[in-house]
2 protein chains.
Amino acid sequence: MDRENLFREMSIKNDKKILLIVMDGLGDIPNYHGKTALEIANKPNLDALSSISELGAVNPILPGITPGSGPSHLALFGYDPLKYEIGRGVLEALGLGIELKPSDIAIRGNFCTVKEEGGKLIVVDRRAGRIPTSENQKLCELLNSKIKIIDDVEVSFTPGMEHRFVVVLRGKNLKGQVEDTDPQKEGLPVRDPVPLTPEAEYLSEILKKLLARIWEVLRDRENANFVLLRGISQIPDIPSMTELFKLSPCAIAVYPMYRGLSKLVGMTVVDVDGETIEDEVKKLKEVWDSFDFFYLHIKKTDSYGEDGNLTGKVRVIEEFDRALPEILKLKPDVLVVTCDHSTPAIIKGHSWHPCPVLFHSPYVFPSGVDRFTERNCLRGTLKVSYSVELMGLMLAHSGKLIKFGA
Amino acid sequence: MDRENLFREMSIKNDKKILLIVMDGLGDIPNYHGKTALEIANKPNLDALSSISELGAVNPILPGITPGSGPSHLALFGYDPLKYEIGRGVLEALGLGIELKPSDIAIRGNFCTVKEEGGKLIVVDRRAGRIPTSENQKLCELLNSKIKIIDDVEVSFTPGMEHRFVVVLRGKNLKGQVEDTDPQKEGLPVRDPVPLTPEAEYLSEILKKLLARIWEVLRDRENANFVLLRGISQIPDIPSMTELFKLSPCAIAVYPMYRGLSKLVGMTVVDVDGETIEDEVKKLKEVWDSFDFFYLHIKKTDSYGEDGNLTGKVRVIEEFDRALPEILKLKPDVLVVTCDHSTPAIIKGHSWHPCPVLFHSPYVFPSGVDRFTERNCLRGTLKVSYSVELMGLMLAHSGKLIKFGA
């Protein structure tokens, strides 16, 4: 019996409520003798809660592996992040707020500049000089007006930032793996969308036709006269949280990618009026009676971490701390505060460092320590090592798991 | 996606340098109220380093499993020690400094004493009374002069200590698994080299002919008049550290077995002039610019542990401590000091106890504790449980892994 089937068989429904608060990129490192954002922040409410909670630290994927937001969130939602891979095209589409059906193909596109040479299209600039987003929007509009359908397949282009866009193909029999057309280097010819699996023949044919049509539309331009396609993918065949854990899950998140990820695992994603933590907490209170699992996502800890702005990260933690009393009034049966991955300010990017975890329920061993910090978490008493293991504990502490064996 | 393929896909080359120092058998236990070698040793440099490093403790294989040097080193080199088994014959050959080709068959041999009875050879003494090594050497010389080739297969005998030797078969089509001929008990007949897999038929035939020739040569002796063969094996089909981790690895070790193990995983093994830790560090400095991963092996902590000589173990640690400042001058980007397994002096042998780990890089949570001891390590903040997990951290802390997923 594998882990997933174990939970599928042993989870039960009850009315206890679990609240998982993900402060994106929260984990930090001290830069030798310095302090982390959690160590600097003035956060009396979180610290008071930490002393009656269990503290711990979890590796998002495996020790040393720095994850993107996709796999690290899947792990927090209780899914093996090495089993369920989310394609780049799908993730990009989710990030743009595009609704995907399981049969859709999502593709990351770049506007690029090519020249014809000996019957081939040679890439001159993979990013078409990073055209402004406004130009990108016009080009996508043009492509949408000229290319609506190929054979029986609907096509739609959605602009992203600068030269980046997403193409979605919607139709029957679109499946299999197809190679990127991006040669990754300038001076090389654009590659064909070669099928990598036998069932991908049809998809490959559609893509060839699509590329021919795009070339017709763009070829006379001097710059941004063609596209490169990457991460051609479908949403993974992933069981819902309801199927696996008998939960009625709700996502409260502002950013499209996290909203999209939540939909992938069958969460109901509610709209937040506004973008602040206070706005999110307001929405949480409104929907509190309608679900039994709540994922609340706070983005800005990660954004400031990516910018190398330790002070900004501290401010977000303090903002969250001020919102915490309102959250506690809801009396969640299980409350977990953690992150999907660390984003240390001195690294200015995601990292592999274990995520601090504050785990609160009536059934914990209270840590007794009066500060929620990475160091206290690394020495904590929460006896798990990986993000994916937290779901079992959340279910157990809320009475949602039956006994294993007699 | 399994762990190995994950690292194969995600590792990248850069010029950061990793130094893995393995103090063989370093881990110790306190014998109730006593102290371990690390607790007794006067080691100001290691202790100072420990306060700005992360401390941890790792199981070499699985909790409770006492490993030999082969699997425990494989784990430290980043290989699943349960996936890649190194045959006993191969390990014995490496220990004698024999160079093996992938197609060679290596076999552990014992000189034994047998008697003929009812057409069978019955084992009277499995070790031929533990003949002196000098006699063993003469017998191997004799066998080498009388038996050079069997069909198209070259044969060579290399003496070990007392009654032990190694036979290497070199030729084509030697493969598959063959049963030991050692019945493990005296009074039983010598067993046939029965093929355990279909492709081993030919190897089994060669071994039968080899045994007949050995019997011809030795049968008239009173003692040590035959041999028993065990651990008939080939070097495992193991990807190199360059293939898996994109490293240019270098081994600095004095003892043949560790040099041989390093070759198995594709390390460049350099010669050390002398046998002391100082000699090894001198070599390390000489080759520092030529590689990006260095495995430096210190043997004597294990040797004294095996002898039950705690004071000797302490002396080796102190000797290493005096060499540490010279090592630190090289400014490795990642420095790890650990052991392959524990060899507690009161056990006089390898044990299953977790190995203390000192992990140093700019991206750690400094332990703040001022002593590198097993007790501090067991309560440390390094969030890994197994030796094999250290490689991921060494690669991450030196920037040699790309992000997983988007």
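Predicted model: local features only at pLDDT ≥ 70, side-chain atom pairs only at ≥ 80, totals over all residues.

Author: Ala128(A) has a relative accessible area of 1%, and because buried means under 20%, this residue counts as buried. Along chain A, Ala128(A) belongs to the loop that joins β4 (120-125) to α6 (133-146). Its backbone deserves attention as well: phi of Ala128(A) is near 50°, which is a positive value in a residue other than glycine. As a general rule, most residues other than glycine have a negative phi.

The chain around this loop can be described next. Chain A contains 14 helices and 13 strands, and β4 and α6, on either side of the loop with Ala128(A), are among them. Of the 406 residues of chain A, 57% count as buried, and Ala128(A) is one of the buried residues. A compact globule with 406 residues would have a radius of gyration near 22 Å, and chain A, with 23 Å, agrees with that expectation. The C-alpha trace of chain A spans about 75 × 50 × 40 Å along its principal axes. If one takes the contacts in chain A between residues at least 6 apart in sequence, 74% join residues at least 24 apart.

Whereas Ala128(A) is buried, Lys246(B) is partly exposed, with a relative accessible area of 27%.

Cys250(B) has 0% relative accessibility and so counts as buried. Leaving aside residues up to four places away in sequence, Cys250(B) touches Met267(B), Thr268(B), Val270(B), Val287(B), Phe291(B), Phe293(B), Phe294(B) and Tyr295(B). Between Cys250(B) and Lys16(B) there are 14 Å in space, C-alpha to C-alpha, while the two are 234 residues apart in sequence.

Two further loop residues of chain B complete this comparison. Asp289(B) is placed between α10 (277-287) and β11 (293-298), and with a relative accessible area of 70% it is exposed. Asp289(B) is 53 Å from Asp125(B), C-alpha to C-alpha, and 164 residues from it in sequence. Gly64(B) is found in the loop between β2 (54-58) and α4 (69-76), where its relative accessibility of 46% makes it partly exposed. From Gly64(B) to Lys400(B) the distance is 32 Å, C-alpha to C-alpha, across 336 residues of sequence.

Rolling a probe the size of a water molecule over the atoms shows where empty space is left. The count comes to four cavities of 30 Å³ or more, and the largest cavity has a volume of about 110 Å³. Of the 15 residues that line the largest cavity, Pro354(A), Glu54(B), Leu382(B), Lys383(B) and Leu393(B) are the closest to its centre. By class, the lining of the largest cavity has eight nonpolar, five polar and two charged residues.

Definitions and conventions
Residues numbered from 1 in each chain as written. Chains lettered and ligands numbered in written order. Heavy atoms only, no water. 1 Å grid on protein atoms, 1.4 Å probe; cavity = no way out; pocket = protein on both sides within 12 Å on 5 of 7 lines; lining within 4 Å. Points joined across faces, edges and corners; volume = space filled by probe spheres on them. Nonpolar A, V, L, I, M, F, W, Y, C, P; charged D, E, K, R; others polar. Helix = DSSP H or I, 4+ residues; strand = E, 2+ residues; numbered from the N terminus. Rg over C-alpha atoms; globule rule 2.2 N^0.38 Å. Buried < 20%, exposed > 50% of the residue type's maximum accessible area, 1.4 Å probe, protein only. Contact = heavy atoms within 4.5 Å.
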